[in-house]
There are 2 protein chains.
Amino acid sequence: MLGLVHDGNSTRLRRDLPRPARAAGEATIRPRLAGICNTDLEIARGYMGFRGVLGHEFVGEVIACDDAAWLGARVVGGINCGCGHCSRCARGEQNHCGARSVLGILGRDGVLAEEFTLPLRNLLRVPDSVPDRAAVFTEPLAAAFRIVEQVAIGSGDSVAVLGGGKLGSLCVRVLARIAGRVAVFTRRRGRGVLPPNVSEYPAEDAAAAQNRGAFRVVVEATGNEAALATALHLVEPRGVVVLKTTCQPPHSLGLAPVVIDEVTIIGSRCGPFAPALAALGDRHFEVDSLIDSTFPLERCDEALVRAGERGVLKVLVEGGRIP
Amino acid sequence: MLGLVHDGNSTRLRRDLPRPARAAGEATIRPRLAGICNTDLEIARGYMGFRGVLGHEFVGEVIACDDAAWLGARVVGGINCGCGHCSRCARGEQNHCGARSVLGILGRDGVLAEEFTLPLRNLLRVPDSVPDRAAVFTEPLAAAFRIVEQVAIGSGDSVAVLGGGKLGSLCVRVLARIAGRVAVFTRRRGRGVLPPNVSEYPAEDAAAAQNRGAFRVVVEATGNEAALATALHLVEPRGVVVLKTTCQPPHSLGLAPVVIDEVTIIGSRCGPFAPALAALGDRHFEVDSLIDSTFPLERCDEALVRAGERGVLKVLVEGGRIP
């Protein structure tokens, strides 16, 4: 079958892939629509040492499984596959199982192919009210919802988001539902439709003296190595900096201000699918303006290139069996 | 009067200091015993840009104030002096008042002198059951108690402490009362009396493969620039790294593991005096073995040198009016 494969050196479209072998308890899924995120771009540059089919954001159709009730279902799915036996898995934390595979990221082929597999327990049915073009955002939107699982945020809070890219824009949409005011510092303003309590500012404004300590919560969603220092400038004493991106370059900064101001820095990765799907079913929750372009699977190598261009938002790939 | 002064370049004993002017609401205090901590050593090297009398750990006697009830009282005192008017102070967070002075650290002369001043509201009376040699540990012990205000720790938890120095040893004593097991990684084992649920290991063991992710909470109390990376190695997914020391050299490390494992890094500074004083009144709570030596105020320049020698624990300075 066709798929986009990273072999450790390069990433290319291959037509000779074997169809995936489905293990017990797993479903074979045909992607209807897949999304490309920055993690895919990093993996294509060698991050995580991954080899295999790229991609982990999808809405698809179950085409094979042992439970007939799932056949033909339109689904989204959690990307972490725990071992099912360890204490982490027993606590429902398969996202942090030490023996986990992660779809398209760690030890498990991803979704940029004609077919892929996931455990049935990872799947959620997509309500009819959520079209594919919205459902494909479930995984990254769940990652944005993870923030509000980790940090108590209320209507009295002012939150800053660094970065108005793919993930930052979703974080903004989630935070705007909960926080009183959201400020986005971004290199590219005026893209996408913003909720009314969101204000955009030029990225360089984040470092301005009047913004020092102005936010109780700061979400870092740029992946830029200097952004943590900027986040620490923006956050108030006893405030929280949420790290949403796996930045490759090492940060170098003195941590004395973290101690003096008793700041909390918290890493934030995958999140809950249910609230993400529910939000995507709300007609007031807008993600369509975040879509840059859609490519057919046969051209998903071009899609990856497009996704890597500076300032490009979400690039989608249409699935389906290739004749 | 006599006092140990950092003038921006050097730190030396001066005999020509004016006695401190007491503001309304303040007490003039004569130190009975003062302690030297690593922050004092850093300040003597230029940290914080402080100029003035060094020192912030003390037990002393009120020798002047507007409220006769405090005259002659044996006291310890919080080192942060808020403006009293801002929203932080209104919330009881004078430790984080943006206009605060901090005893011997920021805009306020410290305790290594014949006399110093503090607001009366910062003072706590020392019970008779707590001798001076214990009471002088109240401030750094309160900083250790701050950890358990910030992080929920229970009897089922395994906690690691990096560093068996002055602050690390106090953190160990506090954590041993609450956590099931405490592991201390230290360059110098066998100093001080340890509670039974505490185990000491050589510092280099912290980096061992079998300790990867072995602790839910890791307290960094070395001030060593490489220690954050070690702490991230030791902490389990979704665990907490507590930074207790204001390390001067910048850390340089990739933060991807913080995001992937959703680790929380939390800065921790000054803490509550009441539980610290209560612990010091408990005969099972031992700090005497942490005392290295005691110098008279006339030789507190030598005390600072001694405190800066590698591996030296708490150096104390006896106060009192100099004839």
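Analyst: In this predicted model, helix α4 of chain B is mostly covered, with ten of its 13 residues buried. The helix runs over residues 138-150. Its buried residues are T138(B), E139(B), P140(B), L141(B), A142(B), A143(B), A144(B), F145(B), R146(B) and I147(B). Buried here means a relative accessible area under 20%.

At 1.5 Å a residue, the 13 residues of α4(B) should span 18 Å, and the C-alpha atoms at its ends are 18 Å apart, so the two values agree. The expected span is 1.5 Å times one less than the number of residues.

One neighbour of α4(B) is helix α5 of chain B, residues 166-176. The two axes come within 9 Å and cross at roughly 50 degrees. That angle makes α4(B) oblique to α5(B), because angles under 35 degrees would count as roughly parallel and 65 to 115 as roughly perpendicular. The crossing of α4(B) past α5(B) is right-handed.

On the α4(B) side, the contact is made by P140(B), L141(B), A143(B), A144(B), F145(B), I147(B) and V148(B). Facing them in α5(B) are L167(B), L170(B), C171(B), V174(B) and L175(B). By class, the residues of this contact divide into twelve nonpolar, no polar and no charged.

The spacing of the contact residues can be read against helix geometry. An α-helix has 3.6 residues a turn, so residues three or four places apart point the same way.

Helix α4 of chain A, residues 138-150, and helix α5 of chain A, residues 166-176, have axes that come within 9 Å and cross at roughly 50 degrees. That makes α4(A) oblique to α5(A), and α4(A) passes α5(A) in a right-handed crossing. P140(A), L141(A), A143(A), A144(A), F145(A), I147(A) and V148(A) in α4(A) contact L167(A), L170(A), C171(A), V174(A) and L175(A) in α5(A). The residues of that contact are twelve nonpolar, no polar and no charged.

Conventions: Residues are numbered from 1 along each chain as its sequence is written. Chains are lettered from A and ligands numbered from 1 in the order in which they are written. This is a predicted model: local features need pLDDT of at least 70, side-chain atom pairs count only at pLDDT 80 or more; totals for chains, interfaces and linings use all residues. Side-chain values use heavy atoms; hydrogens and water are left out. Axes are lines fitted to C-alpha atoms, for helices over the stretch in contact, and angles run from 0 to 180 degrees between N-to-C directions. Helices (H or I, at least four residues) and strands (E, at least two) are DSSP runs, numbered from the N terminus. Angles under 35 degrees count as roughly parallel, over 145 as roughly antiparallel, 65 to 115 as roughly perpendicular and the rest as oblique. A crossing is left-handed if the near helix is turned anticlockwise from the far one by less than a right angle, and right-handed if clockwise. Contact means heavy atoms within 4.5 Å. Ala, Val, Leu, Ile, Met, Phe, Trp, Tyr, Cys and Pro count as nonpolar, Asp, Glu, Lys and Arg as charged, and the others, Gly among them, as polar. Buried means under 20% relative accessible area, exposed over 50%, partly exposed in between (1.4 Å probe, protein chains only).
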